[in-house]
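Here is a report on one protein structure. Look over the sequence and the model, then read on.

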Amino acid sequence: MEELFGLPTIRLMWIVVAIAGVAAAVIAFIFFKRPILVRMGLRNIPRRRAQTVLVTMGLTLATIIVTIAFSTGDSLAVSVRNLALDSLERIDHFITTEEVGTDAESSSSDGIPNQVLLDLQSHFAGDERIDAIFGSRFELVPIEHPEAGQVEPQFFLVGVDPELADRLQAVRDENGDLIELSALGPDEIVINELAARDLDAEPGDRVRLFVMQSPRSFTVAAIGRNAVLTGNLQAGGAGGLLPMSAYQELLGPRLSPPDQWDSILVSGAGGVEEPLEFSEALDEDIDAALSRLERMNPDLYLSNGLSRYATESVKADSLRDAELIASVFTTLFLFMGSFSVAAGILLIFLIFAMLAEERKPEMGIARAVGMQRNDLIQMFISEGMVYNMGAAVVGVVLGLLFAIGLIAALNTGFESFGFQFAWTVTVKSLVISACIGIVITFITVVFSSFRASRLNIVAAIRDIPEEQYEESHPLTPRRVLRNVLGVFTTAIGLVLLATTPITLILGAPVAFFLQLTGRRRAQRLIPWVLLFGWRVLRWNPQWWVLFVIGGWQLLGFGLDQESLFIYMMGISLLPLGVVMGLNRLRLSGRRIPPRLLYTVGAGFVMFLWFAPNDWHESFFNNNLNGGPELFVLAGTMLTAAGTLLLVFNLDLIVGGIRNAVGGVGRMAPVIRTAAAYPAAARYRTGMTIAMIALITFALVNFSTINASFSRAFTGGDTAGGFEVLAFNTEVNAIGDIRAGLAEAGANEVLDEIEDAGRIEAGPVRGTRAVTALTEAWDPVAERHILDSDGEIRTIETDLAELKFEDREAVVLGGINDEFIDGQEVKLQAISYRYEDEQAVWSALRGGEMVAVATVDAIDGAFGFADVDLEPWSTPDSVTDESIRLPRIVVEVGLGENARQVEVIAILERVSGAFVDLDGENGSLPTLLLPESIAAAVVGPSDSTRHYISTRAGADTLEVAQGIERELRIFAVDIKGELERQQSTQSSILALFQGFIGIGLVAGLAALGVIALRAVVERRQQIGVLRAIGFQARLVGFELLIEMGFIALLGLGLGTALALGLAWRLFAEGTFGEISMYIPLGTILPMLIGAFVASLVLTYFPARQAARTTIAEALRYE
Amino acid sequence: MSSRPVGIDIEAAPQKGTSGEVRGESIIVADDVHKTYAAAGQPVHALRGVSLSVSRGEMVTIMGPSGCGKTTLLNCLSGLETIEQGEIFVEGRSIHDMPDTERTDHRARRMGFVFQFYNLLPVLSAVENVELPLLLAGVGQRESRDRAMLALEQVGLADWAGHRPAQLSGGQRQRVTIARALVNDPAIVWGDEPTGDLDSTNAGQIMDLLEGLNRDNNQTFVIVTHDENIGRRANRTIHMRDGLIEGETIHRQLGG
Ligand SMILES: Nc1ncnc2c1ncn2[C@@H]1O[C@H](COP(=O)(O)OP(=O)(O)OP(=O)(O)O)[C@@H](O)[C@H]1O
Ligand SMILES: [Mg+2]
């Protein structure tokens, strides 16, 4: 990979190396200055093995995620790059036709005249950068391997000049060895690997090609590598190659006119990769040459004023695409992995808090005898950094292993495409991953160390809860003032410092980083970053001040930039900061109850996230835009708020549960204690809940949104009521499928067909809307329009907006009666002039001048009639019966072929997707109309599709295969195809889910950590409980219930928040008409699995607790 | 209040307990008890053949220098600790022959404990701590709460029922512990330096409380202490030295 986030990866590498270097410098400094502190820190590591493993695990997460992301990116980059190089081999540029206007007659799918080739050849004669400019032909020709009984209707046959191909060494077999085309006999053919696989053919086998139903036998001479020249022209494309003379002879002058080429190819000099160096310049030269030729011979080059010839540097473009795909994937993985990274960070915080608690008495004594807080921090940092270094190595190794597994899994998903990813990783990526891991962990360790070392000496020695220490430092109005003033004086101090070298030291790395990333805007954040760092260095960060001021700044900045992300970050931090500040406020010794504060604050943040974007926009009267990065922020903020809400109301929840189940006899005391402990230890309970909730949020949200999409696009509706779809080609046009089958004597297939629907499609340029009115068109400035209540209203419009004079290209699809019989298409809106769907279809059946249109025809961008003006807009669903279509009349075609038809209904977007006739024509809107009318406008169609509905109980796969076998046209059974797509999709999704789920490890580890800690710190309490009559197994059981309870809270919170947010997004219409679908089949097993895993993990500490010997536990140390 | 009165009985000390238990019969009998710890490879003979007998309704204190094995003896007698040799009968049953669950159950129903520290669960309120043994014994929630409140009343802490241990003073905490030890109307109450952490006034008050309970309820008290004043308030003091019983002082005859 060369680029990520628009940043060259090499630069990214140096940046992270530099920051990791700073971390290393800090450690080195501590080590040389105070080796004793390092030794004291390290002493702790071997003391607690389980602890060490858990810490390392938490620290590893970030590295694992980043490593997976980068090495997957590398693998994709290299694989796709190799695929492109293998496939294009010696081809560097294509000469293609480029549209210049749409305002004319229907385009001809004619080839490129030979004269163009000759012109280019003579123009570039002697150019050293070019080895050859040559023409090629290709056509879809059905092929059969009779011995194996295999038919492949979708076979791209390519014809090239054999001598030229040999000279260029352009055709190779799967081992990369040259295939000599000039050595092929008159009836020999080269087929590609995919074709060989599909046909089950080997060299020496006889195959038959069918042109206009008549077969011709060839011997397979060699199996060529899947490449453009061997007919691999589309994903999964089987194909083959014939020498030009044989190709011509097979297809004949009608299908392959001798003075025309299907494409002109340019082969750069030197080899496969060498031409890339000058391909950009060459591309410009070819384009310039074409422009010159255009001016000299406009008749030839601009035949109909519609299109011109242009060049496309396919190889360079493909390699750029490879890069893009790789960086998109890396970004996607980093984005999905950020939840796990966050959970890993929380785990480190939690573990350090536990470590600090465990060592509190000894740290208190150390402080009492004169150790500085700074020393404690350094001790923790050195301890943490040892874990960190270990974790970086382990993380990279684990990440690479995961990536290998991931690529293997991806490969099974891509198997049917005949494409395999090769696992690769670059040194650069390894360095970046390791350094990012180290940096993230270093920052976390530093923060955790600050927090861990903050202790009141007396409280520590006497082992009094830290909260009581906080109590003794309430925030009086004077303190508030001092804090705020403190921030400003710090700011002023910083300004003063700006002239001193200290700013350089503090600010240089930040400024350097911002400079490198080229974020000029962000540079104004430097003072805030510095301020933040400064406050941290002052050891007593007033988080609430930072949150309030920072939140306020971000809020303004976000509104200013119209960035929803920054805005939401600000507006979420602000209330949290206010609440944190108020919590420390004391007015004549009285405080606001924390429960009230945090409930209100957290509730407000949740409200902000569940409120639709419109609400925010209208509240601030501002535009706000965001992308998928918002999910990460939403997850973080919602989880934080939700956790606060839970934690500060735990006693209520616990009380409720106790009232509900408390009466269960002997379990009462167990439930009571199990509920009391988590409520008493808010910090660790909260951290653990947050970790589990965060990952659950990501998993549930991701699954729900994806399931909703995949259901919408691969659900049964998309088939429009048909079971089998078959495609005509130019070489093999079947007019009437029933007649064809009858002729072939395939009655068993014929009998299974209920309706043989057909769409004969053809592109039509120059379609324009004539009217889009209810009744009359007032050319002045008024138009009558149907409002959402079905009332006709008159509104003023700006005529200039209505581009009715513009002619657009559309696809016309002529449908036969059997299509109407067989379809179960949903209509999204029906003209007010028609009663119901029945009326619409019978108008079409009656051959009236009417049409139904796809949504794009009406909707904005592609529409020829943009009637999406207020107050009428495309309705969301058919169920909204009051919404009717106004009268829209369009003129299709030009000249004598032109007809005026009325659009009387709109296909629902999802169920209309199956019509998708525009495959070769880009994204064109489609009109379906009676066959006779379409034929009159388009003329004979060369692209006919058969929409077949089968009898109930028929084996649709067999019908499709029967059609392929008998008629040699490509046929798919749609349901089966959709199912295959769904299963590929869901296995890839499962992969992603697994990736996101890595973070659950952190949540579970957290449970393990607090369970282990509980066993240790409650030893005496367990002793007392056992003494007064708690059975041993109840003690273990109590811990299980306790941890299970925390796990449930986390899982429940995450699920609720994810579904809540998904609901908001779907309700808001973020995903268009797609409706929300909760995949319980995915979510429930996930939740249950996580819950069971948490119990299994707690089982060991619980067993340990149960085995506590009473007398020893009671022996006070 | 319909529930069974806890702790102090209103009537003057009867010779008969609640369920036909006769004051004066042997409730605890230990015979040649040995206990060895292996600390740092060096075996420590904490008990080296202790034999004793305690009568029902008796208040016995155990005294002796630090490390002589007082806590160990108490733990062995109450079944918290295993023994290598000898036998211990509590209420006529060999406590070390019982399976752990039964022994635990026996503790829950028949014994109360007051230790020097770590008596209460910090996460539960005073009254919740007190009612724990009742809930363990399967008494219903409401009745448990009523009886726990009554017990707290008797130790003078009814107003502190909702407080967490951390919010109570050391003396108050010990009184809550006593309320918990007595709430299930146990036959034997074990105390390991129950007043060790308290000043003499507080210690005196606690002893008054225990004495009253012992007198009125026919409950047996075995208390380890360092405090001569407390030792004297018992019926009998057992003196220990180096894991052996050195002798005993009778302060008052039982029932006298
Ligand atoms: N779990 C144990 N492991 C090793 N040795 C032990 C253990 N428990 C007690 N001991 C040893 O047994 C001996 C008796 O201890 P015990 O706690 O019974 O003394 P004590 O009389 O209660 O002392 P104190 O008055 O100080 O509480 C001591 O020497 C002690 O070191
Ligand atoms: Mg002792």
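Which side chain meets that of B:Arg103 in a salt bridge? The side chain of B:Asp100 does, at 3.7 Å from N to O.

## Ground rules

This is a predicted model, so local features need pLDDT of at least 70, side-chain atom pairs count only at pLDDT 80 or more, and totals for chains, interfaces and linings use all residues. Residues are numbered from 1 along each chain as its sequence is written, chains are lettered from A and ligands numbered from 1 in the order in which they are written, and side-chain values use heavy atoms, with hydrogens and water left out.

## A pair within one helix

A salt bridge is a side-chain nitrogen of Lys or Arg within 4 Å of a carboxyl oxygen of Asp or Glu. B:Arg103 and B:Asp100 both belong to helix 2 (residues 100-110) of chain B. Helices (H or I, at least four residues) and strands (E, at least two) are DSSP runs, numbered from the N terminus. The two residues are three apart, so about one helical turn separates them.

Buried means under 20% relative accessible area, exposed over 50%, and partly exposed in between (1.4 Å probe, protein chains only). B:Arg103 is buried, at 11%. B:Asp100 is partly exposed, at 29%.

## Salt bridges in chain A

Over all chains, the structure holds 42 salt bridges. One of them joins A:Asp92 and A:Lys315, with the closest N and O atoms 3.0 Å apart. A:Asp92 sits in the loop between helix 3 (49-88) and strand 3 (93-99) of chain A, and A:Lys315 in helix 10 (residues 314-358) of chain A, so the pair ties together parts that are 223 residues apart in sequence. A:Asp92 counts as buried, at 2% relative accessibility. A:Lys315 is buried too, with a relative accessible area of 0%.

Another salt bridge joins A:Arg1018 and A:Glu1042. Their closest N and O atoms are 2.6 Å apart. A:Arg1018 lies in the loop between helix 36 and helix 37 of chain A, and A:Glu1042 in helix 38 of chain A, so this pair links parts that are 24 residues apart in sequence. A:Arg1018 is buried at 8% relative accessibility. A:Glu1042 is buried at 2%.

## The largest cavity

How many cavities of 30 Å³ or more does a search of the whole structure find? It finds nine. On a 1 Å grid over the protein atoms alone, a cavity is a set of points where a 1.4 Å probe fits but cannot get out, and lining residues have an atom within 4 Å of a point. Grid points are joined across faces, edges and corners, and a volume is the space filled by probe spheres set on the points.

The largest cavity holds about 90 Å³ of space. Its lining includes A:Tyr677, A:Ala1014, A:Arg1018 and A:Phe1030. Helix 36 (1000-1017), helix 37 (1019-1027) and helix 38 (1032-1068) of chain A each give two or more residues to this lining. By class, the lining has nine nonpolar, one polar and two charged residues. Here Ala, Val, Leu, Ile, Met, Phe, Trp, Tyr, Cys and Pro count as nonpolar, Asp, Glu, Lys and Arg as charged, and the others, Gly among them, as polar.

## The second largest cavity

The second largest cavity has a volume of about 60 Å³. A:Arg1018 and A:Glu1042 are among its lining residues. The classes here are seven nonpolar, one polar and three charged residues.

## Buried strands

Strand 3 (residues 59-63) of chain B is mostly covered, with five of its five residues buried. B:Met59, B:Thr61 and B:Met63 point one way, and B:Val60 and B:Ile62 the other way. Two strands pair if DSSP finds at least two bridges between them. Strand 3 of chain B pairs in the parallel sense with strand 8 (residues 220-224) of chain B, over four bridges. There, B:Met59 has B:Phe221 as its bridge partner. Strand 3 of chain B also pairs in the parallel sense with strand 9 (residues 236-241) of chain B, over four bridges. B:Met63 stands opposite B:His239 in strand 9.

Three bridges join strand 22 to strand 26 (residues 899-907) of chain A, and the two run antiparallel. A:Ile830 stands opposite A:Ala905 in strand 26.

Terms used: 1 Å grid on protein atoms, 1.4 Å probe; cavity = no way out; pocket = protein on both sides within 12 Å on 5 of 7 lines; lining within 4 Å.
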